Amino acid sequence: MTDNKLVLAYIGNGKSANRYHIPYVLQRQDNFTVKTIFSPRIHHDVWARLDGVYYTENPEDVFGDPEIDLVVVSTQMSLHYEYTKRALESGKHCLCEKPFMETKAQAQELFDLAEKKGLYCSAYQNRRYDSDFLTVQKVIESGMLGELLEVEMHYDYYRPEVPERAVFSPYSSYLYGHGCHTLDQVISYFGKPNGIRYDVRQLLGQGRMNDYFDIDLYYKTMKVSVKSSYFRVKSRPRFVVYGKRGMFVKETEDRQEEHLKLFYMPGQPRFGLDEPRHYGVLTYYDQDGGFHEEKVSSLAGDYGRVYDDIYECIVNGKEPVIKSWQTLFQMEMLEEGIRNLR
């Protein structure tokens, strides 16, 4: 550490590092400093360079630098295992983009290595800090819905050109690429289910891209459904939550990604915040039988909270928020979901 700051290095210099990681770290300069960014073709990358950061095409400038505390792996998934393992073997903490690994076995090996060396290692589960997901939690915990019966989570696109030109690849499947967001939200909030039903499809036929999934997770009397498709001309609501006394509908998703794509960054006025037209609607009967329907103001999302948790864990010894068993269980679900696809 330097001046009580964790010294970071990034492996990969694409949109993951420059859109979903570094802008949030730059808002936390009391706790973090970015020293090095490595990419095999760094001199051909299109992203603007940061002042004071060393850009390199030599991985030893990361793994061989004793000042670097935490390596963030933000490459394509096929390289996650290699670089995460190398970081841990070099005695460095590691945060790896999602999907974390290709298999549960790889993930278990790396968590065991991190534990042996006394190092932090986790997946970058930033979607736990989506505004819509945080707002749903607020509504559930208010008790207005009564006993929960059903939760529906949707992550839809209308991009038919993507599956129409793609062939099946298990680890770049739609389930791996997008289920890693929503399934982690379910696991992190509700825990392990009592049972799971998988419906993972290739709508265009065998040999084509996995472009649809519908997974039900059962928690005694409650069911959580995670649904996604590339063929939804109009997206379904992001969340629908049903209880014995009411329901909550959040039509729109967190706006951080929308703003980041426009290069409107954390720290700028109203970054990532919902407008009233984006607020969800809570409909319920109170204990006296009175009917209510009202908008619920959205909580602010903040992907940088992953880094806050990491700092508290590494520096102050707190328990990690993103737990290894959660990632392992998710990897198990992803592997099972694509098992019968060809």
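**Figure 1. The lining of the second largest pocket divides into eight nonpolar, three polar and three charged residues.** The structure shown is a predicted model, in which local features need pLDDT of at least 70 and side-chain atom pairs count only at pLDDT 80 or more, whereas totals for chains, interfaces and linings use all residues. Residues are numbered from 1 along each chain as its sequence is written, and side-chain values use heavy atoms, with hydrogens and water left out. Nonpolar covers Ala, Val, Leu, Ile, Met, Phe, Trp, Tyr, Cys and Pro, charged covers Asp, Glu, Lys and Arg, and polar covers the others, Gly among them. The second largest pocket has a volume of about 230 Å³, and among the 14 residues that line this pocket, Phe-111, Glu-115, Leu-119, Cys-121 and Ser-324 are the closest to its centre. At least two lining residues come from each of helix H4 (104–117) and helix H10 (324–338), with H4 giving the most, five residues.

**Figure 2. The largest pocket has a volume of about 1200 Å³.** This pocket is lined by 42 residues, of which Lys-15, Tyr-157, Gly-177, His-178 and His-181 are the closest to its centre. A pocket is an open set of points on a 1 Å grid with protein on both sides within 12 Å along at least five of seven lines, and lining residues have an atom within 4 Å of a point. Helix H1 (15–25), strand E7, helix H7 and helix H8 (256–261) each supply at least two residues of the lining, and H7 gives the most, with five residues. By class, the lining of the largest pocket is made up of 17 charged, 15 polar and ten nonpolar residues.

**Figure 3. One cavity of 30 Å³ or more is found in the structure.** A cavity is a set of points where a 1.4 Å probe fits but cannot get out. The largest cavity has a volume of about 50 Å³, and its lining consists of Phe-133, Val-136, Ile-140, Val-151, Met-153, Gln-185, Val-186, Tyr-189, Phe-190 and Phe-239. Helix H5 (131–142), strand E7 (148–156) and helix H7 (174–190) each contribute at least two of the lining residues, and the largest share, four residues, comes from H7. The lining of this cavity has nine nonpolar residues, one polar residue and no charged residues.

**Figure 4. Eight strands form an open sheet with mixed pairing, in the order E8-E9-E10-E7-E11-E12-E13-E14.** Strand E8 (195–201) and strand E14 (291–296) are the edge strands, each pairing on one side only, where pairing requires at least two DSSP bridges between two strands. From one strand to the next, the twist averages 10°. Strands E7 and E11 (residues 239–243) run antiparallel and are joined by five bridges, and the partner of Val-151 in E11 is Val-241. Helix H5 packs on the sheet, where it touches E7, E11, E12, strand E13 (280–285) and E14, and its direction makes about 10° with that of E11. Helix H10 also packs on the sheet, touching E8 and strand E9 (212–219), with its direction at about 45° to that of E8.

**Figure 5. Phe-248 lies in strand E12 (residues 246–250).** The residue is buried, with a relative accessible area of 1%, buried being under 20% with a 1.4 Å probe. Leaving aside residues up to four places away in sequence, Phe-248 touches Thr-135, Val-136, Val-139, Leu-145, Phe-239, Val-240, Val-241, Gly-280, Val-281, Leu-282 and Val-296, contact meaning heavy atoms within 4.5 Å. Phe-248 and Asn-194 are 54 residues apart in sequence, and their C-alpha atoms are 24 Å apart in space.

Notes. Buried means under 20% relative accessible area, exposed over 50%, partly exposed in between (1.4 Å probe, protein chains only). Grid points are joined across faces, edges and corners, and a volume is the space filled by probe spheres set on the points. Axes are lines fitted to C-alpha atoms, for helices over the stretch in contact, and angles run from 0 to 180 degrees between N-to-C directions.
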